[in-house]
Amino acid sequence: MKVHFISPDGETTQTVDAKPGDNLLELAQNAGQPLEGTCEGQMACSTCHVIIDKAWFDKLSPASDDEEDMLDLASGARRTSRLSCQIDLSADLDGLTVHIPAESRNMQGV
């Protein structure tokens, strides 16, 4: 399956091979995307915030209340924002398009 990452300026798309069960944050980090994930998937930060393409947003499981609370802290959050650490891929997400927010902060210097 494929996941498409769109750069903050919308100019560049990186298509990455994935398999069902992969975590979106880990996939993005392994592909060199600028997502920090400071809390390592514990929902204690919002540094893995991404914007899911509108066409794909309703295909994801709904965000938990805890995730929604963390998204309130995310810089540049939108209606289709999610924490990538909370998205495990399934076969029906083949072709998922993810926008990296312009306001993302990466403390790792990547």
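Analyst: Ile-6 has His-99 as its bridge partner in β5. That contact belongs to the pairing of β1 with β5, which is parallel and has four bridges. Two strands count as paired if DSSP finds at least two bridges between them. The strands themselves are DSSP runs of E with at least two residues; helices are runs of H or I with at least four, and both are numbered from the N terminus.

Two notes on the source. This is a predicted model: local features need pLDDT of at least 70, side-chain atom pairs count only at pLDDT 80 or more, and totals for chains, interfaces and linings use all residues. Residues are numbered from 1 along each chain as its sequence is written, and side-chain values use heavy atoms, with hydrogens and water left out.

Now the other partner of β1. Strand β1 covers residues 2–6, strand β2 covers residues 13–17, and five bridges join them in an antiparallel run. Phe-5 faces Gln-14 of β2. Lys-2 stands opposite Asp-17.

A salt bridge here is a side-chain nitrogen of Lys or Arg within 4 Å of a carboxyl oxygen of Asp or Glu. The pair ties together distant parts of the chain, with Lys-2 in β1 and Asp-17 in β2, 15 residues apart. In general, side chains of opposite charge can pair when their charged atoms come close. Asp-17 is exposed, at 54% relative accessible area. Lys-2 is partly exposed, at 37%. Buried means under 20% relative accessible area, exposed means over 50%, and partly exposed lies in between (1.4 Å probe, protein chains only).

Back to β5. Strand β5 (residues 96–99) pairs with β3 as well, antiparallel, over two bridges. His-99 turns up again here, as the bridge partner of Ile-51. So what do the side chains of β3 do? As a rule, side chains in a regular strand alternate between the two faces of the sheet. In β3, His-49 and Ile-51 point one way. Val-50 and Ile-52 point the other way, and all four are buried.

β3 has a further partner. It pairs with β4 over three bridges, in the antiparallel sense. Val-50 stands opposite Arg-82 in β4.

Which residue does Arg-82 meet in a salt bridge? The partner is Glu-67, and the closest N and O atoms are 2.8 Å apart. This pair joins strand β4 (residues 81–83) to helix α3, across 15 residues of chain. Arg-82 is buried, with a relative accessible area of 5%. Glu-67 is buried too, at 2%.

How many salt bridges does a search of the whole structure find? There are three. One of them joins Asp-22 and Lys-19, with the closest N and O atoms 3.3 Å apart. Asp-22 counts as buried at 17% relative accessibility, whereas Lys-19 is exposed at 53%.

Stay with helix α3 for a moment. The helix spans residues 65–71, and Glu-68 lies in it. Glu-68 is partly exposed, at 38%. On the surface, Glu-68 gathers with Asp-65, Asp-66, Asp-69 and Asp-72 in a patch of negative charge. Such patches are made of residues with over 30% relative accessible area and no salt bridge; like charges are joined within 9 Å, and nonpolar side chains (Val, Leu, Ile, Met, Phe, Trp, Tyr) within 5 Å.

Glu-40 is found in the loop between α1 (24–30) and β3 (49–52). Met-43 is in the loop between α1 and β3 as well. Most residues other than glycine have a negative phi. Glu-40 has a positive phi of about 60°, although it is not a glycine. Met-43 has a positive phi too, near 55°. Glu-40 is exposed, at 68% relative accessible area.

Notes: Areas by Shrake-Rupley, 256 points an atom, 1.4 Å probe, with all protein chains shown as cover. Lys, Arg positive; Asp, Glu negative; His and termini not counted. Charge placed at Lys NZ, Arg CZ, Asp CG, Glu CD.
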